[in-house]
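Subject: The structure we talked about

Hi there,

Here is the structure I promised to send over. Have a look at it first, and then read on for what I found in it.

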Amino acid sequence: MNKKNIGIIFQGNHEWIAGFFYIKNLLVAINSLSQDEKKNISLSLIAINVEKNMLELFRNLVDQVVEIPIWKWLIQKGKNRLLKNPSILDYRFLKDYKFDFIYPYISSDNVPFAWGGWIPDFQHIHFPNYFSKREIQIRDLIFSKIAKYASTIILSSNMAKKDFCRLYP
């Protein structure tokens, strides 16, 4: 059996420490699998605009680190704003790595790999006064893309699952 090439995206810095711990805990959990369970997995960290000192804390948890150059991230950020497209990273930036699955990812394109989306909560539905109209629109767009196109959807709680099932039957 061929190894499955799995990419885990980490985009962040010390200002989003929760994201750091989320990805770190995910990688630690994958590493806690038995050798027999891990033998068919090649695990990569796809680092987008990550501080070097944070990146070093992940290196021993993955088979390889794929650092996305800042210029590619800036192009993507500009493209997202221009096209009002909440894609994390254009899949063409990742084509040389031949990933079988990437998480967390957002796309409506016909990408050459399976991808999983993450929905932490629906706070913008329950507490709209804490969000701008633009933030609500972006969250709605992201979550609808995940519901429609993701091969795997991760929800952070049973409440999020209940909301998801109600909003995206």
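Glu-67 counts as partly exposed, at 36% relative accessibility. Please keep in mind that this is a predicted model, so everything below is computed from predicted coordinates.

Glu-67 has a salt bridge with Lys-52, in which the closest N and O atoms are 2.5 Å apart. Lys-52 belongs to helix α3 (residues 52–56) and Glu-67 to strand β3, so this pair ties together parts that are 15 residues apart in sequence. Lys-52 is itself exposed, with a relative accessible area of 53%. Glu-67 also meets the side chain of Arg-59 in a salt bridge, at 3.3 Å from N to O. Arg-59 is partly exposed, at 33% relative accessibility. Through shared partners, salt bridges join Lys-52, Glu-56, Arg-59 and Glu-67 into one network.

The count of salt bridges comes to 6. Another one to look at pairs the side chains of Lys-39 and Asp-36, 2.8 Å from N to O. Here Lys-39 is partly exposed, with a relative accessible area of 47%, while Asp-36 is exposed at 52%.

**The overall fold**

Stepping back, the protein has 7 helices and 6 strands. Along the sequence they follow the pattern β-α-α-β-α-β-α-β-β-α-α-β-α. The radius of gyration is 16 Å, close to the 15 Å that the globule rule gives for 169 residues, so the protein is as compact as a globular protein of that length. Its C-alpha trace spans about 45 × 35 × 35 Å along the principal axes. Of the 169 residues, 38% count as buried. If you take the contacts between residues at least 6 apart in sequence, 56% of them join residues at least 24 apart.

**The sheet and the helices on it**

In what order do the strands sit in the sheet? The 6 strands form an open sheet in the order β3-β2-β1-β4-β5-β6, with parallel pairing. At the edges stand β3 and β6 (152–155), each with a single partner strand, so one side of each is left without a neighbour in the sheet. From one strand to the next, the twist averages 20°.

If you zoom in on β5 and β6, you will find that they run parallel and are joined by 4 bridges. Ile-119 stands opposite Leu-155, which is in β6. Helix α6 packs on the sheet, where α6 touches β5 and β6, and its direction makes about 140° with that of β5. Helix α7 also packs on the sheet and touches β5 and β6; the direction of α7 makes about 130° with that of β6.

In soluble globular proteins, nonpolar side chains tend to be buried together. In this model the largest nonpolar core has 23 residues, and those with the most contacts inside it are Ile-46, Ile-68, Leu-94, Ile-102, Tyr-105, Trp-115 and Ile-146. At least two residues of this core come from each of β2 (41–48), β3 (64–68), β5 (114–119), α6 (133–149) and α7 (158–167). The largest share, 3 residues, is supplied by α6. Apart from this core lies another one, of 17 residues, including Phe-20, Ala-47, Leu-55 and Leu-61.

**One arginine to look at**

Is Arg-139 buried or exposed? This residue lies in helix α6. Its relative accessible area is 18%, and since buried means under 20%, Arg-139 counts as buried. Leaving aside residues up to four places away in sequence, Arg-139 touches Asp-121, Phe-122, Gln-123, His-124 and Phe-131.

One is the network of Lys-52, Glu-56, Arg-59 and Glu-67. Another is the pair of strands β5 and β6, with helix α6 packed on the sheet and touching both.

Best wishes

How values were computed. Residues are numbered from 1 along each chain as its sequence is written. This is a predicted model: local features need pLDDT of at least 70, side-chain atom pairs count only at pLDDT 80 or more; totals for chains, interfaces and linings use all residues. Side-chain values use heavy atoms; hydrogens and water are left out. A nonpolar core is a set of buried Ala, Val, Leu, Ile, Met, Phe, Trp, Tyr and Cys residues joined through side-chain atoms within 4.5 Å. Buried means under 20% relative accessible area, exposed over 50%, partly exposed in between (1.4 Å probe, protein chains only). Contact means heavy atoms within 4.5 Å. A salt bridge is a side-chain nitrogen of Lys or Arg within 4 Å of a carboxyl oxygen of Asp or Glu. Two strands pair if DSSP finds at least two bridges between them. Axes are lines fitted to C-alpha atoms, for helices over the stretch in contact, and angles run from 0 to 180 degrees between N-to-C directions. The radius of gyration is taken over C-alpha atoms; the globule rule is 2.2 Å times the number of residues to the power 0.38.
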